[in-house]
Amino acid sequence: MFKDILVHLKVGDDDVDSASDYAVSLAAALDAHLTGVAGSFEIDVPQIYTEAFSTDFIETQRLEARRLAAQAIDRFQEAARSLALTVDVETLDGTIGGIAEQIGVMARLYDLTVVSQPDPDRMGSDEIVAEAVLFDSGRALLLVPLHQQKPFSARRILVAWDGSRTAARAVSEARPLLAKADLVEAVIVKTARGKARDLDGADIAEHLARIGKSVELRRLEAAAGERVVDVLLKEVAARDIDLVVMGGYGHSRLREFVLGGVTRDVLDRMTVPVLMAH
């Protein structure tokens with residue numbers, strides 16, 4: 001079961017933090033402990049440029065970062081109080097990369113870490129934190145759409161299955177939620193550039209059925225020029241899906257993370273929460 005959950009809090013002057021609100025509703029629904037972590041972000045100034053920044057400027061920036069982190073924590077605690085939920089909070093100081101690395105390590109001690117979808121119109125830490133959790137924690141990552149309004153629900157779950165190790169990890173991590181679902185739908189998307197040996201899906205359907213829930217197997221084919229994410233998003237809308245479970249692809253290169261194509265597409269265009277594992 002998910003009994004110990006971590007959520008990365010959005011730091012900024014926005015009044016809404018969809019990941020925080022969703023994590024609070026998730027913890028309340030699962031009777032889980034919830035910890036919120038906020039970053040007090042410092043400017044990462046290369047040594048050769050330090051003389052261009054005055055001490056007063058750097059200190060002002062540091063105080064503003066701490067104010068924003070405290071504001072994020074206040075929002076989180078208020079949301080928790082609205083559901084009579086007791087939570088823990090933590091503030092981390094450092095650069096964006098340094099804090100993301102710390103959260104990736106922290107996440108190893110939690111059953112699940114919740115992070116917001118990155119805002120394409122605003123530079124922030126969500127993408128870096130999501131990548132650090134996905135590739136460094138060894139645990140599950142739950143991504144919440146930027147404009148998510150519905151509270152947590154896992155009545156209808158779509159499993160995006162391609163037979164890979166990462167997909168198998170995601171299914172394993174999601175078992176507590178799969179066991180509670182009214183509908184579990186296993187979806188296999190065939191593309192023109194798919195593998196020579198196509199998956200028939202019977203094996204994953206049989207495996208999921210042993211959870212004790214009805215499992216629907218859907219074999220979908222991408223049209224010419226259609227991306228896998230397009231097929232998945234259409235299925236999500238058509239079947240009123242609450243949550244997607246899928247493997248997260250990518251690798252680390254010189255301490256920088258490189259996301260796989262489908263993973264990147266989903267991160268950019270997701271419309272419902274997505275549970276990923278690597």
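A residue counts as buried when its relative accessible area is under 20%. In this predicted model, Ala19 has a relative accessible area of 0%, and therefore counts as buried. Ala19 is part of helix α1. Setting aside neighbours within four places in sequence, Ala19 is in contact with Val7, Val114, Val115, Ser116 and Val144. His147 stands 128 residues from Ala19 along the chain, yet the C-alpha atoms of the two are separated by 9.2 Å.

The protein as a whole can be described in a few figures. Its secondary structure comes to 9 helices and 12 strands. Of its 278 residues, 50% count as buried. Among contacts between residues at least 6 apart in sequence, 80% join residues at least 24 apart.

Thr113 counts as buried because its relative accessibility is 1%, below the cut-off of 20%. With neighbours up to four places away left aside, Thr113 is in contact with Leu6, Ala107, Val133, Ala140, Leu141 and Leu142.

One of those partners, Val133, is also among the buried residues of helix α4. Since 8 of the 11 residues of α4 are buried, the helix is largely enclosed by the rest of the structure. After α4 comes Gly138, which has a positive phi, near 75°.

What does α4 pack against? Helix α3 (residues 96-106) packs with α4 (residues 126-136) at an angle of about 35°, and their axes are 8 Å apart. The crossing of α3 past α4 is right-handed. On the α3 side the contact is made by Ile96, Ala100, Ile103 and Gly104, and on the α4 side by Ile128, Val129, Ala132, Val133 and Asp136. By type, the residues of this contact comprise 7 nonpolar, 1 polar and 1 charged.

Helix α8 (residues 228-238) and helix α9 (residues 261-269) cross at roughly 45°, and their axes come within 9 Å. This angle makes α8 oblique to α9. Their crossing is right-handed. Val228, Val229, Asp230 and Leu233 of α8 make the contact with Val262, Asp265, Val266 and Arg269 of α9. Here the residues divide into 5 nonpolar, no polar and 3 charged.

In soluble globular proteins, nonpolar side chains tend to be buried together. The largest nonpolar core here has 49 residues, of which Leu34, Val114, Ile157, Leu177, Leu178, Leu208 and Leu275 touch the most other members. Helix α1 (residues 18-30) supplies the largest share of this core, 7 residues. Leu208 touches Val159, Val171, Leu178, Val184, Ala186 and Val215, residues up to four places away in sequence not being counted. Another core, of 39 residues, lies apart from the largest one and includes Ala107, Val231, Val266 and Leu267.

How values were computed
Residues are numbered from 1 along each chain as its sequence is written. This is a predicted model: local features need pLDDT of at least 70, side-chain atom pairs count only at pLDDT 80 or more; totals for chains, interfaces and linings use all residues. Side-chain values use heavy atoms; hydrogens and water are left out. Axes are lines fitted to C-alpha atoms, for helices over the stretch in contact, and angles run from 0 to 180 degrees between N-to-C directions. Helices (H or I, at least four residues) and strands (E, at least two) are DSSP runs, numbered from the N terminus. A crossing is left-handed if the near helix is turned anticlockwise from the far one by less than a right angle, and right-handed if clockwise. Contact means heavy atoms within 4.5 Å. Ala, Val, Leu, Ile, Met, Phe, Trp, Tyr, Cys and Pro count as nonpolar, Asp, Glu, Lys and Arg as charged, and the others, Gly among them, as polar. Angles under 35 degrees count as roughly parallel, over 145 as roughly antiparallel, 65 to 115 as roughly perpendicular and the rest as oblique. A nonpolar core is a set of buried Ala, Val, Leu, Ile, Met, Phe, Trp, Tyr and Cys residues joined through side-chain atoms within 4.5 Å. Buried means under 20% relative accessible area, exposed over 50%, partly exposed in between (1.4 Å probe, protein chains only).
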